[in-house]
Amino acid sequence: MRHSPAALMLFAAGFGTRMRPLTETRPKPLVEVAGKPLITHALDQAQGMSLIKVANAHYLADQVEAHFAGTDVTVNREEPEILDTGGGLQNALPLLGDGPVYCLNTDAAWSGPPALQVLRDAWDPEVMDGLLLCVRPEQSFAHPGEGEFTLDPQGRATPGPGLNYTGAQILKTDLLTEVSGPAFSVWELWKRMIARGRLYGTAYPGLWCDVGRPEHIATAEAMLSRDV
């Protein structure tokens, strides 16, 4: 499997401002869709895979820790300040270990094959420093626009209309040493990978819903009730 990643980073530290008022008393990853928290939908994407699992936490971190108490997910608190996605990944490296890492946002619903398995099957560390899981706009729900990434014939990714980024990816972490922190976005890694021609994308064959606002919950539940 071409040296598949052995660790998963779950991004669960954000304030969930677009999901208010639901996030006034709970973190967005614990908002429920179809009877289970969004972060459980994210973990479902690692089905059948044995991985080190780490979730970062900042906003209402006690609730995230309580949710994962007694499980195989380690919660890494970010204090006193939130670190954004890139900084959160960098901060969690002692727990994630060496090598590339699966990274997964925790505000989406999926209908189709497990996302991380799709990434694993497309991963080629000989040519890739990063691999984004994207989806065609017609297979996306509650996500406006014409896509954020364009793929060339070899699959190299650059910003532009084409495919929507799903929030699932594989990243080599070496380039984190080039970014001054402590708080920064994974975009800082993507820009460096694009400059080297080593950021790639692959298409998800199922359906995907961005669950960023309260009204998106019903959209996601309707999508999940469909046959794919």
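This is a predicted model: local features need pLDDT of at least 70, side-chain atom pairs count only at pLDDT 80 or more; totals for chains, interfaces and linings use all residues.
Trainee: How much space lies in the largest pocket?
Mentor: The largest pocket holds about 800 Å³ of space. It is lined by 30 residues, and those closest to its centre are Phe11, Lys28, Thr85, Asn105 and Asp107.

Trainee: Which element gives the largest share of that lining?
Mentor: Strand 12 does, with four residues. At least two lining residues come from each of helix 3 (84-96), strand 12 (164-171), helix 5 (187-195) and strand 14 (207-210).

Trainee: And what is the lining like by class?
Mentor: Counted by class, there are 12 nonpolar residues, 12 polar residues and six charged residues in the lining of the largest pocket.

Trainee: Where does Ser185 lie?
Mentor: Ser185 sits in the loop that runs between strand 12 and helix 5, and a polar atom of its side chain is 3.0 Å from the backbone nitrogen of Trp187. If neighbours within four places in sequence are left aside, Ser185 is in contact with Asp84, Thr85 and Gly86.

Trainee: What about the backbone of Asp84?
Mentor: Asp84, which belongs to helix 3, has a positive phi of about 65 degrees although it is not a glycine. Its relative accessibility is 40%, so Asp84 counts as partly exposed.

Trainee: What is the phi of Leu60?
Mentor: Leu60 also is not a glycine, and its phi is positive, at about 50 degrees. Leu60 is located in the loop between strand 4 (52-57) and helix 2 (61-68), and with a relative accessible area of 28% it is partly exposed.

Trainee: Switching to prolines, which residue does a cis peptide bond join to Pro21?
Mentor: That residue is Arg20, and omega is about 10 degrees; Pro21 is in the loop between strand 1 and strand 2 (32-33). A cis peptide bond also joins Glu79 and Pro80, with omega about 0 degrees, and Pro80 is in the loop between strand 5 (73-77) and helix 3.

Trainee: Which residues of helix 4 are buried?
Mentor: In helix 4, residues 115-122, the buried ones are Ala115, Leu116, Val118, Leu119 and Arg120. The elements that cover them include strand 1 (7-11), strand 6 (101-105), strand 8 (130-135) and strand 13 (199-203).

Trainee: Last topic: in what order do the strands of the open sheet come?
Mentor: The three strands are ordered 7-14-9, with mixed pairing. Strand 7 and strand 9 (140-141) are at the edges with a single partner strand each, so one side of each has no neighbour in the sheet. Strand 9 and strand 14 run parallel and are joined by two bridges, and Ser140 stands opposite Trp208 of strand 14.

Note on methods:
Residues are numbered from 1 along each chain as its sequence is written. Side-chain values use heavy atoms; hydrogens and water are left out. On a 1 Å grid over the protein atoms alone, a cavity is a set of points where a 1.4 Å probe fits but cannot get out, and a pocket is an open set with protein on both sides within 12 Å along at least five of seven lines; lining residues have an atom within 4 Å of a point. Grid points are joined across faces, edges and corners, and a volume is the space filled by probe spheres set on the points. Ala, Val, Leu, Ile, Met, Phe, Trp, Tyr, Cys and Pro count as nonpolar, Asp, Glu, Lys and Arg as charged, and the others, Gly among them, as polar. Buried means under 20% relative accessible area, exposed over 50%, partly exposed in between (1.4 Å probe, protein chains only). Contact means heavy atoms within 4.5 Å. Two strands pair if DSSP finds at least two bridges between them. A polar contact is a pair of N or O atoms within 3.5 Å; within protein, one must be able to donate a hydrogen and the other to accept it, and residues adjacent in sequence count only if both atoms are side-chain atoms.
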